[in-house]
Amino acid sequence: MGGNYTFNGNINGPANFGDNGVINVGQQDAAERTLRLATQLAQWLRDEGAAPARVEAAEVLRGELDRAVQERRPAEPGLIRRSLETITLGLGAGSSGFTLAQEISRLLTGS
């Protein structure tokens, strides 16, 4: 599993980066951004006094994303889906928590 990041600039130096000189930046950057958003979502839920099940789901989500980043693998989609469903159930469409959850979902699905 890998994506290619297209760079139209001049690459000078003694080393090639990535597999066969392909610079793979986008996927890891997106994974780390997703992890930061999940951390913000968990904190937002705690700050808002959300139900313990929601906070736990946010921590499960954050933990899976963290492990996926560390292991350089995709996050487990079923676990992510269940966590996001638990978190967003009953959140207002305009709330910060709902917006964070939507952005996490968008980053994970690429849509």
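Of the 111 residues of the protein, 31% count as buried. The model is a predicted one. Its exposed surface comes to about 7200 Å², with carbon and sulfur atoms supplying 50% of that area.

The protein contains four helices and zero strands, giving the order α-α-α-α from the N terminus on. Among contacts between residues at least 6 apart in sequence, 53% join residues at least 24 apart.

**Nonpolar core**

The largest nonpolar core has 24 residues. Leu-41, Leu-45, Leu-61, Leu-65, Ile-87 and Ile-104 have the most contacts inside this core.

| Helix | Residues |
|---|---|
| H4 | 96-109 |

In soluble globular proteins, nonpolar side chains tend to be buried together. Neighbours within four places in sequence set aside, Leu-41 is in contact with Leu-61, Ile-87, Gly-97, Leu-100, Ala-101 and Ile-104.

**Helix H4**

How far apart are the end C-alpha atoms of helix H4? The distance is 20 Å, which agrees with the span of 20 Å that 14 residues should have at 1.5 Å a residue. Buried in H4 are Gly-97, Leu-100, Ala-101, Glu-103, Ile-104 and Leu-107. Seen down the helix axis, these buried residues of H4 fall within an arc of 160 degrees, so they line one face of the helix. An α-helix has 3.6 residues a turn, so residues three or four places apart point the same way. Just after H4, Gly-110 takes a positive phi of about 75 degrees.

Definitions and conventions: Residues numbered from 1 in each chain as written. Predicted model: local features only at pLDDT ≥ 70, side-chain atom pairs only at ≥ 80, totals over all residues. Heavy atoms only, no water. Helix = DSSP H or I, 4+ residues; strand = E, 2+ residues; numbered from the N terminus. Expected span 1.5 Å × (residues − 1). Buried < 20%, exposed > 50% of the residue type's maximum accessible area, 1.4 Å probe, protein only. Arc of directions from axis to C-beta. Contact = heavy atoms within 4.5 Å. Areas by Shrake-Rupley, 256 points an atom, 1.4 Å probe, with all protein chains shown as cover. Core = buried A, V, L, I, M, F, W, Y, C linked by side-chain atoms within 4.5 Å.
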